[in-house]
Amino acid sequence: MEKLQSLRGMVDLLPQQTALWQQIEATARRHFRRASIAEIRTPVLEATELFARGIGEATDVVGKEMYTFFDRGERSCTLRPEGTASVVRAAIQHGLLSQGPQRLWYSGPMFRYERPQAGRQRQFHQIGLEMLGFADSRSDVEAIAVAWDLLADLGVQGLALEINSLGSSQDRVRYREQLVAWLSDRRDQLDADSQDRLQRNPLRILDSKHPETQRLLADAPTLAAALSDDSRERFAQVTSGLELLGIPFTINPRLVRGLDYYSHTAFEITSTQLGAQATVCGGGRYDGLVEQLGGPATAAVGWALGMERLVILLEQLQRDADPVPDLYVVSRGERAEPLALQLARQLRLAGRQVDLDLSRSAFGKQFKRADRTGARWALVIGDSEAEAGVVILKDLRPAGGAPTDQEERLSLEELRRRFA
């Protein structure tokens, strides 16, 4: 019988991995609690219309990537591809917005049908923040600060914040007309994906990774030039707030978000540890989404961070920070093994980091494990050494590239003095 396997892009989290996930989740909960942000949990399965209306039918997510099917009641259902639309739907449905501004966070699995790669699976996980009912530019700054401080607390290295203003809906309509006209005259110079987006979602062309398209865009009209005075002033308030908090940023005029509901502030937090897939957190303002989904006109800002990419970063940090033992104790024999246990404890109490091999395997196999740990010394004890009250100290990392068979025969007292 053929062995059953998980579907492509649907990855198991094994016991040795879940501890790191729990660490990230616990740290996130701590930061959200400090900022008076409450947790909300929404269903994994939603009506397809929620995402078609909220994300935009012209987006790649809705057009190409959603897991959509009809249930037994002939209703079109979709596994959620992102969290914001579901949170907004829940806030509208349960009247949360009538109770005043809402600071909410969520976590859980999302689903998109795309080519799996490192840090990007078909079932992936996000932690997100949504601040509903906040119009002041300070809320943009606060949302970014919560994400920045969370990532810094987790130990993510090489953090950088890129920020841009997408302007109001009127600004974007004006800019879209300018951009489409300019790109249409140069359509044959665009890559195939950008040609497809030219009428459907032209702003996404700005985010193209195609080298020739990027070179072409260097001379394209900019969104910044199309912003109204009010949009410029609002963006200046956001950047001033970030400067006040000491959060470094770079203005990226080509930064756009992939979903239709964003307006004004858009941002991404990246890490140099991830190479090409640098973004670990992205978000921005979406003042029109609540009304678009049937609720009252409500200003809002939020973000989401990808757990899988974050786990890759933290696993790398853990590997880099894995402690290397000073000594690796190799022993074999009825007299040798009790002595090895005693010496390992004594050396640890003296402040040394000691790894004790408990396998009882052949000396050769124990030496291979000792070498893999990166330990400088192997402490070797056989029955004959135990009877004589001595140990063999083998240098596994001799200076100057000398042969690794250098070893000394030490009495127990000499050993204690050497590593006291």
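**Notebook: salt bridges**

I started at Arg174, which is partly exposed, with a relative accessible area of 36%. The model I am reading is predicted. I then looked up the partner of Arg174. Its side chain meets that of Asp171 in a salt bridge, 2.8 Å from N to O. I checked Asp171 too and found it buried, at 1% relative accessible area. The cut-off for buried is under 20%, so Asp171 qualifies. Both residues sit in helix H6 (residues 169-184). They are three residues apart, about one turn of the helix.

Next I turned to Arg369 and Asp357. Their side chains form a salt bridge of 3.0 Å, N to O. This pair links distant parts of the chain, 12 residues apart. I placed Arg369 in helix H14 (residues 363-373). Asp357 lies in the loop between strand E13 (354-356) and H14. I noted Arg369 as partly exposed, at 25% relative accessibility. Asp357 is buried, at 6%.

Then I looked up Glu142 and Arg103. Their side chains meet in a salt bridge, 2.9 Å from N to O. Glu142 belongs to helix H5 (residues 137-154) and Arg103 to strand E5 (residues 102-111), so the pair ties together parts 39 residues apart in sequence. I read Glu142 as partly exposed, at 29% relative accessibility. Arg103 is also partly exposed, at 25%.

Last, I asked how many salt bridges the structure holds. The count is 20. I also noted a network of salt bridges that links Asp140, Arg234, Arg285 and Asp287.

Definitions and conventions: Residues are numbered from 1 along each chain as its sequence is written. This is a predicted model: local features need pLDDT of at least 70, side-chain atom pairs count only at pLDDT 80 or more; totals for chains, interfaces and linings use all residues. Side-chain values use heavy atoms; hydrogens and water are left out. A salt bridge is a side-chain nitrogen of Lys or Arg within 4 Å of a carboxyl oxygen of Asp or Glu. Helices (H or I, at least four residues) and strands (E, at least two) are DSSP runs, numbered from the N terminus. Buried means under 20% relative accessible area, exposed over 50%, partly exposed in between (1.4 Å probe, protein chains only).
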